[in-house]
Amino acid sequence: MKPLQRLDGLVAPMDRANVDTDLIIPKQFLKSIKRTGFGPNLFDELRYLDEGVPDTDCSGRPLNPDFPLNFPRYLGASILLARENFGCGSSREHAPWALDGAGFRVIIAPSFADIFRSNCFKNGLLPIALDAAVVDDLFRAMYSNEGYRLIVDLERQVVQTPDGQSIAFEVDGFRRDCLLKGLDDIGITLERAEAIRAFELDHKTRFPWVFETLEV
């Protein structure tokens, strides 16, 4: 998992409430568990004018010119600004995989669905919950200023705006530490690799009969 410490990123909008995981990555694309390759199908139903088909090249598909993430001003964005209850619906881990595959590392919204929020942390994305009025201000500033960027400092737990404002946010200490170090559940386990190997060796020494091969 890629560590996230400080991000200076372009901001893009998803200006609607209750965006569910089927809108983030439609169900027909849930055929793989490789974690990669989902970026081109992020928000597929909104992003393209035709119906998306799994395992097809998206480069030639007609883009929806009215969908903000297709606007040139938002290309290359790594921070997604959203509305309340982002990531609701089914608990598919493919949703953060698709967001990550499209280049997003941070999502800012007034609230998140609990399982989606947990899946973000486990896959290297930082979901930041801010007061709805603060999010409103960020939307206004972003729409008014092309190329609008924010600095997200996870170490200090602040979002810095171009006009010098610092907006504090809260993150669970354990989740924060994992993101800073780039540790997912497997990485956390591997930090204890020496202790695991020592336990296995001791267990084999104390109970050798468990490891004996049975003759048939």
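A salt bridge is a side-chain nitrogen of Lys or Arg within 4 Å of a carboxyl oxygen of Asp or Glu. The model is predicted, so local features need pLDDT of at least 70 and side-chain atom pairs count only at pLDDT 80 or more, while totals for chains, interfaces and linings use all residues. Residues are numbered from 1 along each chain as its sequence is written, and side-chain values use heavy atoms, with hydrogens and water left out.

**Exercise 1.** Determine which parts of the chain the salt bridge between Lys 31 and Asp 55 ties together.

*Solution.*
1. The closest N and O atoms of Lys 31 and Asp 55 are 3.7 Å apart.
2. Lys 31 lies in the loop between α1 (21–24) and α2 (44–47), and Asp 55 in the loop between α2 and β2 (79–82), so the pair ties together parts that are 24 residues apart in sequence. Here helices (H or I, at least four residues) and strands (E, at least two) are DSSP runs, numbered from the N terminus.
3. Lys 31 is exposed, at a relative accessible area of 61%, and Asp 55 is exposed at 74%. Buried means under 20% relative accessible area, exposed over 50%, and partly exposed in between (1.4 Å probe, protein chains only).

**Exercise 2.** Describe the salt bridge between Asp 137 and Arg 140 and its place in helix α5.

*Solution.*
1. The closest N and O atoms of this pair are 2.4 Å apart.
2. Both residues belong to helix α5 (residues 132–144), where they are 3 residues apart, about one turn of the helix.
3. Asp 137 is partly exposed, with a relative accessible area of 44%, whereas Arg 140 is exposed, with 51%.

**Exercise 3.** State the strand order of the open sheet and locate Asp 153 in it.

*Solution.*
1. The sheet has 7 strands in the order β4-β3-β2-β1-β5-β6-β7, with mixed pairing. Two strands pair if DSSP finds at least two bridges between them.
2. The edge strands, β4 (126–129) and β7 (166–168), each pair on one side only.
3. Strands β1 (residues 6–14) and β5 (residues 149–153) run antiparallel and are joined by 5 bridges.
4. Asp 153, in β5, is the bridge partner of Arg 6.
5. Asp 153 also forms a salt bridge with Arg 156, the closest N and O atoms being 3.7 Å apart.
6. Asp 153 is buried, with a relative accessible area of 8%, whereas Arg 156 is partly exposed, with 48%.

**Exercise 4.** How many salt bridges does a search of the whole structure find, and which residues are linked with Arg 83 in a network?

*Solution.*
1. The search finds 13 salt bridges.
2. Arg 83 is linked with Asp 15 and Asp 136 in a network of salt bridges.
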